[in-house]
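Take each task first, then follow the solution step by step.

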Amino acid sequence: MLELARRGRSALLVAATGSGKTLAGFLPTICELAEDPNEGLHTLYVSPLKALAVDVQRNLIGPIEEMDLPIRVETRTGDTPSDRKARQRVKPPQILLTTPESLSLLLSYPDASTMFEGLRAIVVDELHGFAKEKRGDLLSLSMARLQKLAPSLRRVGLSATISDPDAYRSWLAPGADMDLVDVVIGDPGAEPDLSILIPENKIPWGGHSGRHAAREVMDLIEAHKTTLVFCNTRSLAELIFQDLWAVNEKALPIGIHHGSLAVEARRKVEAAMAAGKLRGLVATASLDLGIDWGDVDLVVQMGAPKGSSRLLQRIGRANHRLDEPSKGTIVPGNRFEYLEARAALDAIDDGELDPEVFRPGALDVLAQHILAMAVAAPFQQQELLAEVRSSAPYAGLKDETFEEILSFIATGGYALKAYDRFRRLVPEPGGMWRIARPQIAQQHRLNAGVIVEQPLLTVRFRNGRKLGTIEEGYASTLAPGDHFYFSGLSLEVEQFKDTDIIVRASSKTARIVTYGGQRMSMSTHLANRVRHMLCDRNDWHRFPDDVRDWLEVQSERSVLPEPHQLLVETFPHEGRHYMVAYSFEGWNAHQSLGMLITRRMESAGLKPLGFVANDYGLACYGLESIRDPKALFSSDILEQEFVDWVENSMLLKTAFREVAVIGGLVERHHPGKKKSGRQVSFSTDLIYDVLRRYEPQHLLLRAAWDDARRRMTELGRLVRLVDRAAATMLHVEVDRITPMAVPLMVIVGREALPPGAEADETLLVQAEALAQEAMSL
């Protein structure tokens with residue numbers, strides 16, 4: 001890395017977690033500043049997480065102080081005090097650690113050219129964590145602007161888990177020219193020590209959390225110095241924390257960390273971890289990346305891993321040193337999850353990482369960036385277009401699309417141009433553009449950013465202490481006197497006050513906060529491995545007895561599909577008729593298909609009652625038996641019904657809300673006050689209805705469709721599923737529930753019960769009864 005930097009070359013460093021990537025990224029900067037200690041900004045470090053920037057500051061300042069070098073290192077994130085932010089623009093440190101959003105804001109100031117003209121390097125850490133997302137689009141556009149301000153700028157990317165380095169070299173390079181970026185591959189280090197935890201050699205029939213193993217996980221925490229317990233959702237993290245606390249007989253210090261907790265609570269936990277004061281920490285993806293705590297010697301993944309890259313990333317947090325194996329264990333929640341866990345371990349053994357899927361840059365992000373550039377200074381249209389195209393996600397941007405975005409920022413579009421507040425840009429002679437009025441600069445900086453949270457309410461004690469935030473949708477189900485678990489505590493609701501929920505600590509049992517947002521789906525290559533495992537009996541000797549019996553009885557009672565086949569079973573159960581499809585295309589695709597198929601069942605007079613989905617399959621049920629499943633899956637379902645359903649469901653409205661906020665059409669904040677989530681939703685819903693009616697081809701409606709297709713419905717996987725149904729469906733009629741159907745049928749049982757401890761007991765009894773019926777020959 002030093003040698004490349006001396007030649008002025010950009011570099012992508014791919015190296016194992018704990019191998020010293022971050023220091024390798026910074027070493028050229030430290031050397032240059034040691035030899036020539038100039039004032040002014042020398043290196044920008046960009047990370048996807050605020051916590052990561054703080055963590056790197058701690059680990060970077062140590063070596064700099066030991067060498068007694070006069071180098072200033074500072075962070076700038078949304079949590080940085082405003083007086084320090086103002087000072088940083090006038091007298092920046094030599095090394096500034098920041099996030100994509102904060103960098104974009106810095107570039108929106110008129111003095112950006114002065115601040116960045118001497119910039120020598122930008123280091124992008126955990127590149128895989130956000131390059132393919134909207135935050136990556138924003139950063140790529142910001143790098144294009146930085147390159148214009150500082151033409152000799154070097155770009156450095158750091159990552160532990162990349163399956164296609166060339167794709168990331170293109171993303172990192174100016175003009176997407178990957179020959180401008182050299183790749184450096186680090187020593188892979190020690191092989192990870194991975195296992196699957198199965199208490200008493202038994203795996204539950206239903207569930208997806210691994211909660212049944214709380215006692216065994218607590219034993220592991222007791223036997224290790226520090227254990228990180230990863231959960232796939234915030235709700236699950238709160239549940240697992242409660243389960244572990246209930247069996248923590250030695251009262252060991254354990255904590256919880258997720259994105260909805262207050263900054264102070266997160267910082268407190270991070271500091272306690274760094275100081276070695278915690279024995280266990282339950283966390284979500286908020287700690288997936290880069291946090292360097294050397295004393296973590298075990299990582300536990302609760303529930304299925306969802307992808308081999310994500311699992312490697314998480315396991316790499318243990319024994320953060322190159323010469324020691326990272327130690328990790330997976331706790332599968334049901335039998336399908338056992339197969340997924342086994343598939344993930346096999347993929348890691350074979351060096352197979354999750355595939356990289358890049359997409360063109362999002363138009364709402366580009367609209368925000370163009371306005372930021374106008375806020376900094378008037379721009380010339382063709383010059384800015386050339387600069388935007390030098391950013392990889394927008395390399396293929398068409399002239400007419402760019403014109404359309406400019407027109408949208410200038411007028412709001414055809415349907416909105418009568419309203420003055422949507423006029424943000426004004427054209428001038430010579431292809432120049434400037435902002436319409438000075439207040440737009442302040443409005444832009446208040447509202448910039450590409451992370452659009454669900455409407456949130458703040459959870460506080462009566463004394464004002466903030467615990468964190470919960471989504472408005474969940475909060476609307478609470479009333480004074482209700483109890484819920486949050487921040488590791490049982491809380492009683494005292495009152496609602498504006499956008500606050502006033503609570504007090506309680507000792508009563510409570511329910512868990514649920515969060516919206518996307519569910520992580522099992523990656524396609526893990527799904528393919530699971531499909532192969534099902535039909536390859538030579539593999540089964542590695543499985544626990546109950547998983548092997550499960551598959552044996554399934555093959556006798558029904559069928560185990562070949563990897564290319566779509567197995568659909570139909571059977572009666574307790575007065576209803578069920579259809580279960582085992583498609584392995586992930587929760588989002590199955591959820592979408594369930595909506596569509598139940599609508600088709602309605603039209604066909606099959607009297608549907610509902611459907612349930614998980615990562616492995618979909619179960620639809622109704623009052624009439626389904627004789628011809630193939631007709632329900634026919635490919636025209638994605639032409640008419642899919643479009644109708646998306647346009648009339650909340651999906652498109654939710655997606656539109658996000659693009660309208662990112663694209664600057666709807667403001668979250670006004671000077672001195674913040675809109676409530678309900679107000680933002682109301683504004684976006686109104687505009688959405690106007691555009692649907694008068695301008696259905698509006699830029700932001702198209703952007704919302706792109707989002708809905710890609711993330712919310714995972715349309716690509718849905719198309720594959722329907723294609724496979726047409727070509728290879730294997731329909732098996734059976735007289736009763738089959739072994740493979742049990743995990744889905746348990747979800748049907750759960751939907752009918754109110755949450756709580758009694759429901760959990762009822763479900764256990766139900767699951768055992770279902771399993772007994774399914775497994776009897």
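**Exercise 1: Two helix pairs**

H7 and H14 cross in the right-handed sense, a label given when the near helix is turned clockwise from the far one by less than a right angle, while anticlockwise counts as left-handed. The model is predicted, so local features need pLDDT of at least 70 and side-chain atom pairs count only at pLDDT 80 or more, while totals for chains, interfaces and linings use all residues. Residues are numbered from 1 along each chain as its sequence is written, and side-chain values use heavy atoms, with hydrogens and water left out.

Task: describe the packing of H14 against H7 and against H15.

Solution. 

Step 1. Two packed helices are described by the angle between their axes and the distance between the axes. Axes are lines fitted to C-alpha atoms, for helices over the stretch in contact, and angles run from 0 to 180 degrees between N-to-C directions. Helices (H or I, at least four residues) and strands (E, at least two) are DSSP runs, numbered from the N terminus.

Step 2. For helix H7 (residues 134–149) and H14, the axes come within 9 Å and cross at roughly 35 degrees. On the H7 side the contact (heavy atoms within 4.5 Å) is made by Lys134, Asp137, Leu138, Leu141, Ser142 and Arg145, and on the H14 side by Asp364, Val365, Leu366, Gln368, His369 and Met373. By class, this contact has 5 nonpolar, 3 polar and 4 charged residues. Here Ala, Val, Leu, Ile, Met, Phe, Trp, Tyr, Cys and Pro count as nonpolar, Asp, Glu, Lys and Arg as charged, and the others, Gly among them, as polar.

Step 3. Now move to H14 (residues 363–376) with H15 (residues 381–389): the axes are 12 Å apart and the angle is about 130 degrees. That makes H14 oblique to H15; angles under 35 degrees count as roughly parallel, over 145 as roughly antiparallel, 65 to 115 as roughly perpendicular and the rest as oblique. H14 contributes Leu366, His369, Ile370 and Met373 to the contact, and H15 contributes Leu384, Glu387 and Val388. The classes in the contact of H14 with H15 are 5 nonpolar, 1 polar and 1 charged. The crossing of H14 and H15 is right-handed.

**Exercise 2: A strand with two partners**

Task: which residues stand opposite Arg460 in E18 and in E21?

Solution. 

Step 1. Two strands pair if DSSP finds at least two bridges between them. Strand E17 (residues 456–461) runs antiparallel to strand E18 (residues 466–471), joined by 5 bridges. Lys466 is the bridge partner of Arg460 in E18.

Step 2. The hairpin of E17 and E18 has 4 residues between the strands, and Gly464 in the turn has a positive phi of about 100 degrees.

Step 3. With strand E21 (residues 500–506), E17 pairs in the parallel sense over 4 bridges. There, Ile502 stands opposite Arg460.

**Exercise 3: An open sheet and its helices**

Task: which strands stand at the edges of the sheet, and which helices pack on its strands?

Solution. 

Step 1. The open sheet has 5 strands in the order E25-E26-E24-E23-E29, with mixed pairing. Strand E25 (608–613) and strand E29 (729–733) are at the edges, each with a single partner strand, so one side of each has no neighbour in the sheet.

Step 2. Strand E23 (residues 566–573) pairs with E29 in the parallel sense over 5 bridges. Glu569 stands opposite Val732 in E29.

Step 3. Helix H21 (residues 587–603) lies across strand E24 (576–582), E25 and strand E26 (618–622), running at about 170 degrees to E25. Helix H27 (residues 715–728) touches E23 and E29, and its direction makes about 70 degrees with that of E29.

**Exercise 4: Loop residues**

Task: are Asn201, Lys306 and Thr284 buried or exposed?

Solution. 

Step 1. Buried means under 20% relative accessible area, exposed over 50%, and partly exposed in between (1.4 Å probe, protein chains only).

Step 2. Asn201, in the loop between strand E8 (193–196) and helix H9 (214–223), is partly exposed at 41%. Its phi is positive, near 60 degrees.

Step 3. Lys306 lies in the loop between strand E12 (298–302) and helix H12 (308–315) and is buried at 9%. Phi of Lys306 is near 75 degrees.

Step 4. Thr284, in the loop between strand E11 (280–283) and E12, has 6% relative accessibility and so counts as buried.
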